[in-house]
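Biologist: I would like a close look at one part of this model, with its surroundings set out after it. Please give the cut-offs as you go.

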There are 2 protein chains.
Amino acid sequence: MTDSQGDGVGGATAMDLYEKLTAQGDKVRSLKTAKADKAEVDAAIQLLLKLKVDYKGVSGQDYKAGCPPSESAVVSNNGQLGNGAEEDTVDPWNVATNSAKGVDYDKLIVRFGSSKVDQELVDRIEKVSGQKPHHFLRRGIFFSHRDMHQVLDAYEKQKAFYLYTGRGPSSQAMHVGHLIPFIFTKWLQDVFDIPLVIQLTDDEKYLWKDLTLEDCQRFAVENAKDIIACGFDVNKTFIFSDLDYMGSSPEFYRNVVKIQKHVTFNQVKGIFGFTDSDCIGKISFPAIQAAPSFSNSFPQIFKGRKDVQCLIPCAIDQDPYFRMTRDVAPRIGYPKPALLHSTFFPALQGAQTKMSASDANSSIFLTDTPKQIKNKVNKHAFSGGKDTVEEHRQHGGNPDIDVSFMYLTFFMEDDEKLEKIRQDYSSGALLTGELKKMLIETLQPIITAHQEKRKNVTDEMVKQFMTPRSLDFNF
Amino acid sequence: MTDSQGDGVGGATAMDLYEKLTAQGDKVRSLKTAKADKAEVDAAIQLLLKLKVDYKGVSGQDYKAGCPPSESAVVSNNGQLGNGAEEDTVDPWNVATNSAKGVDYDKLIVRFGSSKVDQELVDRIEKVSGQKPHHFLRRGIFFSHRDMHQVLDAYEKQKAFYLYTGRGPSSQAMHVGHLIPFIFTKWLQDVFDIPLVIQLTDDEKYLWKDLTLEDCQRFAVENAKDIIACGFDVNKTFIFSDLDYMGSSPEFYRNVVKIQKHVTFNQVKGIFGFTDSDCIGKISFPAIQAAPSFSNSFPQIFKGRKDVQCLIPCAIDQDPYFRMTRDVAPRIGYPKPALLHSTFFPALQGAQTKMSASDANSSIFLTDTPKQIKNKVNKHAFSGGKDTVEEHRQHGGNPDIDVSFMYLTFFMEDDEKLEKIRQDYSSGALLTGELKKMLIETLQPIITAHQEKRKNVTDEMVKQFMTPRSLDFNF
């Protein structure tokens, strides 16, 4: 099962079976009404029962008339299925694994019911966009998707889509890991030439953290500067803070209410693990993260159109929000958003956890000096090398658990150079200190350049990006 | 107990006892730390335990350090306390009683922990406002309050307050009962010369009813016309639809989020009876009805001030929302709103239930013709008279259960005339048909005049009332 509605019994998807079941239910009722022959009725009931069993096998859900199969029901118990003890934990607030290699992403695709970004899809993106695929795609950093083929099919027929990504502004400090979705989103914006909306969930951070509204709004503006420094086109990009935009757009609030009407507490409890002790703000927040997935939430950009499909590039921990969104979409008459999921950027200490913005030594911050970068990598980057030079030369290091090597896969663009490093490190020709030096020399100019660009982001530019307005969108 | 924090053991309020308990807890701890004499420690603990028992008796709640007594915890189980079977049901969605006289309002004051509008308060309103009290006050139609003395104390010291009331626009049709809070609010606005905000909860109606967003917004505008026809001063009145205003005022949404952070699902479950199957929109809605209680939700009117106290005239079924609001207010640094509660306007069929906008014969609608009014009263108004004229002449009728008489207490302004009717009907001198005729002749001109005034309410006027703007407010 590579998709919640993917291959099942004899190739039938959950949706196929759902439709067959509905038709068969109608048939049984009409046979009974017509007082048909008993054998005929019994046969029809037998088929109905078999379809119900098949449906449950494929969808993981009991059939309920009028309720099409749900994507979010596939994954229950807050991101864990089956014998949870052995599973990685991945939800919007927690990412944890026992493996030094990090989360098992292939298993996650199965659990979340998404699809793998395979070579065929990467080739197709190259063909449709006419551009060499970003190294995040080539190297499996954006490793999972939902409905990308549908987006590309439509794009080939001149039907545009738009991009939506976001950030929770929980502090002023952003680290290099936070840039991953933005670097990739900028690439998508450039190669497809489409509009982009970026949500800063300052309301979410207020609800979840011990912060004031004013703190969260200040962090939103500071984070916006780092995002703008990634080079987004102001004519195609709208950045908004929830605390501002909710109160600036009746259309946005109307979509929030529509979503809120179609999601029960039971559902968010299953998807997000909320409890009765959670505040009502947390409980209703998922609708606010869902709303930008629908184009009529932005009437300035899409002139009231509700049919422009949305593509969301994000880290896979955000998927629960969008499984919920995709369940709701057809019920309120909107297209489901498509997704491209990234892996997590590992902490310097190892891939077992996501980085923490509150631990200065857990990652490289966008404000770090070249010297700090050097010290942090040398001191804290978990090494896959051997204990002594002699051992390392003899047995080689393990790049799969080496954080410096992992960071290079994110930030070194040259595939051949990276592959040579991998081989040399594995063979023992390359020592840990030499690998770290390469990472330091790769990161330092990237961070320095970011700081230069950020310095040039004026308050006036922030205001421009954050003003609801028309964008270049001609479809 | 006339207030949740009112008279209790030896005159101590729940808040008094809470403070004593906190101090006593500190004392016990410091005695233990100081390894004081066992007898002394034991005596301190005995007093602590006694205070806990007293506190529970007065507040109805267990003492919990750091949690001051809550108003909403006084009433649990969705408006019913104790042996619920014998109690009236009163919450925002249900009003039911077994008594032909209607809900027992004295019991409700005790259960809700509010205070009675007694003669002393009516006299004081007369003194402070310099106006004869409205007959709704003189006749106990606005029968219950919270903190009215505090509002009047402040007003005497030139500290203004503002009024907030509202309506859920569930249909185009409004009946005379819907006018009660507006008639009284207009009087309050006139005699105190203060600003007023009127919330149309079109989002609530969308969430609770099988209606589209467009229906609810249309009903909001239609209802606004009936409200404006009551004669509100456009320079002192702001009418808003949630679906519009939420998206027009970042300050309003900020207060909604603040409230949502400070109320848990457990709390709204206790107050409103929500269940896990309710949609997340319903669960978070109470914060939206609470937000207009705080003056900085309207920066156009109050220029960012958060300290202007709010007085809410409303039917008592809305009290659960405002008990919650009053619990939250001090925790987010705002003054608690004061309240004036009205009784329910009875259905033509009798005082056992509230009127229903969906049953045309249950009440007099604002669109009824003089003929329809006559027919409805004659045909449907429940009579407290005897079966035959002879019996009636001999034993008299019962005005306490007679709907025509009840309606006259709402709409006949002349106290002496009303009292004479009461006496004549009780003695049997006045027959049911004659009483009904008096009601018909009282209602017909009121409804006709309302229709005239409504006809003159233009779309332009509605727009004016519903535009966020500065009001006459000079304090």
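Biologist: What is the relative accessible area of E126(A), and is the residue buried or partly exposed?

Modeller: This is a predicted model, in which local features need pLDDT of at least 70 and side-chain atom pairs count only at pLDDT 80 or more, while totals for chains, interfaces and linings use all residues. Residues are numbered from 1 along each chain as its sequence is written, chains are lettered from A and ligands numbered from 1 in the order in which they are written, and side-chain values use heavy atoms, with hydrogens and water left out.

E126(A) has a relative accessible area of 35%, so it is partly exposed. Buried means under 20%, exposed over 50%, and partly exposed in between, with a 1.4 Å probe and protein chains only. E126(A) belongs to helix 4 of chain A, residues 119–129. Helices (H or I, at least four residues) and strands (E, at least two) are DSSP runs, numbered from the N terminus.

K35(A) sits in the loop between helix 1 (14–33) and helix 2 (38–59), and is exposed because its relative accessible area is 74%. D193(A) is in the loop between helix 7 and strand 6 (196–200); at 46% relative accessibility, D193(A) is partly exposed. V191(A), within helix 7 (residues 176–192), is buried at 12%.

As for the two chains, chain B superposes on chain A by a rotation of 180 degrees with 0.4 Å of shift along the axis, at RMSD 0.5 Å. The copies are therefore related as by a two-fold rotation axis. In chain B, G247(B) has the C-alpha nearest that axis, 2.1 Å away. The superposition is by least squares on C-alpha atoms of residues with pLDDT of at least 70 in both copies.
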